[in-house]
Amino acid sequence: MAVFEGTFTQTESLRFAIVIGRFNDLVTGKLLEGCQDCLKRHGIDPDPQGTQVDYAWVPGSFEIPQVARQLALTRRYDAIICIGAVIKGQTPHFDYVAGEVSKGIAAASFQTGVPVVFGVLTTDSMQQALERAGIKSNKGWDYAMSAIEMATLMRQIRTANPDLGNGLLGANNPQLPSPLKSAIAPTDPDGF
């Protein structure tokens, strides 16, 4: 039997994409800074002009899953980090957005086989969001750590099991048995 465990070394060849929601940018900007700091301290060049990290800015958290999925489908990235902030207000809007964003990010990861890290703060107040974006600690650092660990873990698993292919789930994956292909075939053109 084997033991697979992600590491935080040998990161020179890893590639990441970061999807950032502009809404609540006071918070998301700080989370991004924490994320970039962590990547840099682990040997990854976070420069947008570099070769290791690409950035995609979207209007808000609700749009993050669609872009994350499209980036994952390119097969260019070892992991994708999603950064956003949904802050509770006086209406049920928070519940709808937070729930759909979490489901969409999970679906993007499951459907593509690429680790997609959920880095969307869901807080009751702006104060709570700011505390998590740098006043007390910066969760952006944690999101980057998760991405590095998952990227190296998945690389180990794929190296040990080359017959898994690229990990892409879908009806066109020749490595899936026919009953499973039909069970996961997308019901709409975007695959959700």
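Just after helix α2 (residues 64–73), arginine 75 takes a positive phi of about 65 degrees. Helices here are DSSP runs of H or I with at least four residues, strands are E runs of at least two, and both are numbered from the N terminus. This is a predicted model, in which local features need pLDDT of at least 70 and side-chain atom pairs count only at pLDDT 80 or more, while totals for chains, interfaces and linings use all residues. Residues are numbered from 1 along each chain as its sequence is written, and side-chain values use heavy atoms, with hydrogens and water left out.

Let's stay with α2 for a moment. Its buried residues are Ile64, Pro65, Ala68, Arg69, Leu71 and Ala72; buried means under 20% relative accessible area, with a 1.4 Å probe and protein chains only. Viewed down the axis of α2, these residues fall within an arc of 165 degrees, so they line one face of the helix. The arc is taken from the directions between the helix axis and the C-beta atoms. Their cover includes β1, β2, β3, α3 and β4, where contact means heavy atoms within 4.5 Å.

Now to the sheet. Four strands form an open sheet in the order β2-β1-β3-β4, with parallel pairing; two strands pair if DSSP finds at least two bridges between them. The edges belong to β2 (53–58) and β4 (116–123), each with a single partner strand, so one side of each is left without a neighbour in the sheet. Six bridges join β1 (residues 16–21) to β2, and isoleucine 20 stands opposite tryptophan 57 in β2.

| Helix | Strands it lies across | Angle to β4 |
|---|---|---|
| α3 (residues 93–112) | β3 (79–87) and β4 | about 170 degrees |
| α5 (residues 139–160) | β1, β3 and β4 | about 160 degrees |

The buried residues of α5 include Gly140, Tyr143 and Ala144, and the buried set packs against β1, α1 (25–41), β3 and β4.

Finally, look at arginine 15, in the segment before β1. Its side chain reaches the backbone oxygen of threonine 51 at 2.9 Å and that of arginine 76 at 3.4 Å. Such polar contacts are pairs of N or O atoms within 3.5 Å; within protein, one must be able to donate a hydrogen and the other to accept it, and residues adjacent in sequence count only if both atoms are side-chain atoms.

Terms used:
Axes fitted to C-alpha atoms, helices over the stretch in contact; angles between N-to-C directions. Buried < 20%, exposed > 50% of the residue type's maximum accessible area, 1.4 Å probe, protein only.
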